[in-house]
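Please have the sequence and the model open while I speak.

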Amino acid sequence: KLNHDNVGCHFTSRGEIEIDKLGKPIILDIPSPELRFQGSLISASNITFPYPHSATKVLKDVSPMIHPGDRAGLVGKDWEGKPTLVKLLTGTGELVPKKGSIERHPRLRLGYFDQHSVEALTSTEVASTSAVRYFLDTLQSASLSIDVDESAARACLGSFGLHGRTAVNPISTLSGGQKVRLALAIVVYPASNLLVPDEVATYLDKDTIVALIQALRKHTGAVLLVSHDRHFVRCVIESEHAVPRLGDSDGESDEGSDEDDDTGQSGKGTVYAVGPKGRLKPLSGGMDDYAVVIEKQMRKLGLA
């Protein structure tokens, strides 16, 4: 505070600092599948896929397999085949392997999020549609035929931060982050036994990323994660804490300091490097191994 009797002087050595109160933590609700069954969700055998009109192979003799409850992360440079592999495995595109075979369980229910999930919300065709109406129309469409009423839609959207008038206002009034949450809510609502978030962290703020990490860790279905965000992959696939715990700086954790972050699937999943030369390689050391690969590449380029 200023001392008005002595201009330029203060009663205290430091000015007062107002600290904003922390907002309410974001909690995302991702429904888990009710039943688990025997056998793999997706099984690929020696699949090869070349670039169109080229002898260069995007994927060469790769044989990934995904079982119920698995955690798998795909990492690698752009243009090395991550989106191609995902589309081949999930059957979401019109791609067919040049060689090899892919089998999908007849009870596979897929929840696939990619950039097109968000781009669909920027179309002028849906600009005047409300988030609730779009949620219902999409899930009740002929391609999905999900049984959902307005009450359930509002509850799901509310868990993703789309409350009250936000849920009934035109989609054109939603912010970029709110559109991502709407798209993500639609993807996860049907209780998929395989979730495929493709670069979802790119579109989200820090608090929502932490909430999504915790929700994915609690999800009992399988997760196939594609991301350039190393921390995101470490947390979802390798069970690293989303928020550093008290004592982490000296190597000791404070038990119970982050209860929500500690719940969910136990054990680590597998991180796979896609490429180069069409290979799919499991990394025994996970993201630590991948970090070493990146550092070597940067040194070769004179960037480290």
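Let me start with a question: does T129 count as buried or exposed, and at what relative accessibility? Before I answer, please keep in mind that this is a predicted model, and that what I report is computed from it. T129 counts as buried, because its relative accessibility is 18% and the cut-off for buried is under 20%. The residue is found in the loop between α2, residues 115-119, and α3. If we leave aside residues up to four places away in sequence, T129 touches Y134, N169, P170 and I171.

For the chain as a whole, we have 10 helices and 12 strands, and buried residues make up 43% of the 304 residues. Among the contacts with a separation of 6 or more, 68% are accounted for by residues 24 or more positions apart.

On one side of the T129 loop is helix α2, and H116 has its place in that helix. At 45% relative accessibility, H116 counts as partly exposed. H116 and A183 are 67 residues apart along the chain, while their C-alpha atoms are separated by 9.5 Å.

Now to the helix pairs. Two packed helices are described by the angle between their axes together with the distance between those axes. How do α3 and α4 pack, and at what angle? Helix α3, residues 131-139, and helix α4, residues 150-159, pack at an angle of about 115°, with their axes 10 Å apart, and that makes α3 roughly perpendicular to α4. Their crossing is right-handed. From α3 the residues that take part are A131, V132, F135 and L136, and these meet E150, A153, R154, C156 and L157 in α4. Sorted by class, this contact has 7 nonpolar residues, no polar ones and 2 charged ones. One of the α4 residues in this contact, C156, is buried, with a relative accessible area of 8%.

The second pair is α7 and α8. The axes of helix α7, residues 206-218, and helix α8, residues 230-238, come within 9 Å and cross at roughly 25°, which makes α7 roughly parallel to α8. Here too the question of handedness can be answered: α7 passes α8 in a right-handed crossing. On the α7 side the contact is made by I209, L212, I213, L216 and R217, and on the α8 side by F232, C235 and V236. These residues divide into 7 nonpolar, no polar and 1 charged. C235, which belongs to the α8 side of this contact, is buried, with a relative accessible area of 0%.

T202 counts as exposed, because its relative accessibility is 58% and exposed means over 50%. From T202 to D229 the C-alpha to C-alpha distance is 8.0 Å, although the two are 27 residues apart in sequence.

I am happy to take questions.

Terms used. Residues are numbered from 1 along each chain as its sequence is written. This is a predicted model: local features need pLDDT of at least 70, side-chain atom pairs count only at pLDDT 80 or more; totals for chains, interfaces and linings use all residues. Side-chain values use heavy atoms; hydrogens and water are left out. Buried means under 20% relative accessible area, exposed over 50%, partly exposed in between (1.4 Å probe, protein chains only). Axes are lines fitted to C-alpha atoms, for helices over the stretch in contact, and angles run from 0 to 180 degrees between N-to-C directions. Helices (H or I, at least four residues) and strands (E, at least two) are DSSP runs, numbered from the N terminus. Angles under 35 degrees count as roughly parallel, over 145 as roughly antiparallel, 65 to 115 as roughly perpendicular and the rest as oblique. A crossing is left-handed if the near helix is turned anticlockwise from the far one by less than a right angle, and right-handed if clockwise. Contact means heavy atoms within 4.5 Å. Ala, Val, Leu, Ile, Met, Phe, Trp, Tyr, Cys and Pro count as nonpolar, Asp, Glu, Lys and Arg as charged, and the others, Gly among them, as polar.
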